[in-house]
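Work through the exercises below with the sequence and the coordinates open. Try each task before reading its solution.

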Amino acid sequence: MARTTVPFTLDHLDALDALGVPCRSCLFWELDPVRRGRVTDAETRAEVKESWMSEVLREWGSCGRVALIDGEAVGYLTYAPPSYIPGAGLFSTGPPSPDAVLLSTAFVAEQHRGGIGRLLVQGMARDLVARGGIRAVEAFAYGGSRLAPDGGCLLPAEFLARVGFKTHRPHPRTPRMRMELRSLVTWRDEVEAALERLVGAVNPRTRPTPAHRDLN
């Protein structure tokens with residue numbers, strides 16, 4: 001099976017709806033508690049979510065990754081600068097660091113869990129490294145080993161630790177975790193340099209002999 005990630009755009013919303021994604025009409029991150037409480041019906045909430053995503057796409061760029069298996073959407077994650085995620089103001093372990101992008105939420109269809117979450121995080125990291133000027137990704141995590149009881153708006157700290165995050169500000173229930181992108185850039189550069197050395201060892205360049213020189 002071919003597995004990959006692509007930038008999350010408005011075109012993916014219908015495909016994710018078909019998965020029964022609970023986050024489609026959830027505004028936990030996109031609005032502060034007061035404004036969120038004023039939007040009650042699911043249809044309006046979905047419209048507000050789409051408007052939020054359109055704004056981030058226009059002003060900042062793609063705010064997530066979608067995981068595809070053989071071209072079919074099976075999961076996603078979203079991230080953006082903290083200024084676009086007012087729901088983060090609820091947490092005592094905030095605010096997010098000014099040099100970081102905030103990973104807000106993720107979802108993978110149950111039948112496809114087992115590696116897709118890691119694939120999404122890797123796709124996010126590659127995207128942010130390529131953009132430049134972003135030092136880290138942070139996330140408010142749920143301190144338990146299972147999804148948070150609020151419906152999964154927080155990612156499990158255990159999962160984030162497995163994919164490269166470290167605790168940045170401890171808390172028994174909602175620690176703030178951080179993944180440095182600098183280490184990923186260093187790792188990538190080291191791998192590329194090692195590959196160049198390997199290619200050079202396998203196919204060494206030979207110096208031209210007089211017979212090879214252009215005599216014209």
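**Exercise 1. The largest nonpolar core**

Task: Find which residues of the largest nonpolar core touch the most other members.

Solution. Start with the definition: a nonpolar core is a set of buried Ala, Val, Leu, Ile, Met, Phe, Trp, Tyr and Cys residues joined through side-chain atoms within 4.5 Å. Buried means under 20% relative accessible area, exposed over 50%, and partly exposed in between (1.4 Å probe, protein chains only). The largest core has 29 residues, and Leu103, Met124, Leu160 and Phe165 touch the most other members. Next, assign elements. Helices (H or I, at least four residues) and strands (E, at least two) are DSSP runs, numbered from the N terminus. At least two core residues come from each of β2 (64-69), β3 (72-80), β4 (100-108), α4 (116-131), β5 (136-142), α5 (157-162) and β8 (176-180). Helix α4 gives the most, 8 residues.

Now list the partners of Leu103. Contact means heavy atoms within 4.5 Å. Leaving out residues up to four places away in sequence, Leu103 touches Leu77, Thr78, Tyr79, Met124, Val137, Glu138, Ala139, Leu155, Leu160 and Phe165. A second, separate core has 26 residues, including Met53, Cys63, Leu102 and Phe140.

Two notes on the source. The model is predicted: local features need pLDDT of at least 70 and side-chain atom pairs count only at pLDDT 80 or more, while totals for chains, interfaces and linings use all residues. Residues are numbered from 1 along each chain as its sequence is written, and side-chain values use heavy atoms, with hydrogens and water left out.

**Exercise 2. The chain as a whole**

Task: State how many helices and strands the chain has, and in what order the elements run.

Solution. Count: 6 helices and 8 strands. Read from the N terminus: β-α-α-α-β-β-β-α-β-β-α-β-β-α. Then check burial: 44% of the 216 residues are buried. Take the contacts between residues at least 6 apart in sequence; 68% of them join residues at least 24 apart. Last, the surface. By the Shrake-Rupley method with a 1.4 Å probe, the accessible surface comes to about 12,400 Å², and 53% of that belongs to carbon and sulfur atoms.

**Exercise 3. Helix α3**

Task: Compare the span of α3 with the expected one, then say what its buried residues pack against.

Solution. The expected span is 1.5 Å times one less than the number of residues. Helix α3 covers residues 42-59, which is 18 residues. From first C-alpha to last it reaches 26 Å, close to the expected 26 Å. Its buried residues are Arg45, Ala46, Lys49, Trp52, Met53, Ser54 and Val56. They pack against α1 (13-17), α2 (33-37) and β3. After α3 comes Gly61, with a positive phi near 120°.

**Exercise 4. Cysteines**

Solution. Apply the cut-off: a disulfide is a pair of cysteine sulfur atoms within 2.5 Å. Cys153 is buried at 10% relative accessible area. Cys63 is buried too, at 1%. The count for the structure is 0 disulfides.

**Exercise 5. Salt bridges**

Task: Determine which residues are linked in a network of salt bridges.

Solution. The criterion is a side-chain nitrogen of Lys or Arg within 4 Å of a carboxyl oxygen of Asp or Glu. The whole structure gives 8 salt bridges. The network links Asp99, Arg135, Glu138, Arg176, Arg178 and Glu180.

Take Arg176 and Glu138: their closest N and O atoms are 2.9 Å apart. Arg176 sits in strand β8 and Glu138 in strand β5, 38 residues apart, so this pair links distant parts of the chain. Both are buried, Arg176 at 7% relative accessibility. Arg176 also has its C-alpha 7.3 Å from that of Gly94, 82 residues away along the chain.

Next, Glu180 and Arg178: the N to O distance is 2.6 Å. Glu180 is partly exposed at 32%, whereas Arg178 is buried at 9%.

Finally, Arg131 and Asp127 meet at 3.2 Å, N to O. They lie 4 residues apart in helix α4, so about one helical turn separates them. Arg131 is partly exposed at 29%; Asp127 is buried at 16%.
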